[in-house]
Amino acid sequence: MPLTDTEQTAPLVALFNQTFRALNTILVKGDDEPLYLPATAEQPAQVIFANGYFASAMHELAHWCLAGEQRRQLEDYGYWYCPDGRDARQQAEFEQVEVKPQAIEWAFMVASGRPFRVSTDNLNGVEPDRLGFQHRVYDQVRDYLNLGFPPRAQQWIEALQSAYQTAELSLADFDYRGMYER
């Protein structure tokens, strides 16, 4: 019998909370929408992922790994977000800011032995160039593999590789030809 989302993400939550305990940040299973809440005097910062989905957790952690000190002081890192139903200009802006987090998310998924699916996240808006976006995400992964991942992302990749018994990342692990919209 396959594991439920909660059964799959509970170990992930524990691993993250142990790995980054010193950074006063915890991973939290949320409901419908993901959210980042900065630390307060009463509670640590919270990276909240949607509906207990493994991929949502990895995507939100990618954003956390990219956010600098000032952005981590702001709810949802102070980022602009335009929901599903974007026009062509809004979709282009969305994709521009999503390339790096999705490249990091892809590395997290590979490090945990799971498949990755790129997301243009615009089911009710203009038809995006999915293949073009997949190529840009792939190019960013290649750049990260050559130049190095951001420090927190690298630390998380190593924790995932240890926990899931996966090998060091190589470009051969990333094949964009099999990706499709999630």
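Let me begin with R152, which lies over the face of W64, 4.7 Å from the ring centre; a charge sits over a ring if NZ of Lys or CZ of Arg is within 6 Å of the ring centre and within 35 degrees of the ring normal. R114 is likewise placed over the face of F54, at 3.7 Å from the ring centre.

The model is predicted, with local features needing pLDDT of at least 70, side-chain atom pairs counting only at pLDDT 80 or more, and totals for chains, interfaces and linings using all residues. Residues are numbered from 1 along each chain as its sequence is written, and side-chain values use heavy atoms, without hydrogens and water.

I turn to the aromatic rings. The structure holds 11 aromatic pairs, where rings of Phe, Tyr and Trp (its six-membered ring) pair if their centres lie within 6.5 Å, planes under 30 degrees apart being stacked, over 60 edge-to-face and the rest tilted. F16 and W64 form an edge-to-face pair, 5.2 Å centre to centre with 80° between the planes. This pair links distant parts of the chain, 48 residues apart: F16 belongs to helix α1 (residues 5–19) and W64 to helix α2 (residues 54–66), helices being DSSP runs of H or I with at least four residues, numbered from the N terminus. Both F16 and W64 are buried, that is, under 20% relative accessible area with a 1.4 Å probe, protein chains only. One aromatic cluster comprises F16, F20, W64 and W156.

Is Y144 buried or exposed? Y144 counts as buried because its relative accessibility is 8%. F149 is also buried, at a relative accessible area of 11%.

Thank you.

Notes: Helix = DSSP H or I, 4+ residues; strand = E, 2+ residues; numbered from the N terminus. Buried < 20%, exposed > 50% of the residue type's maximum accessible area, 1.4 Å probe, protein only.
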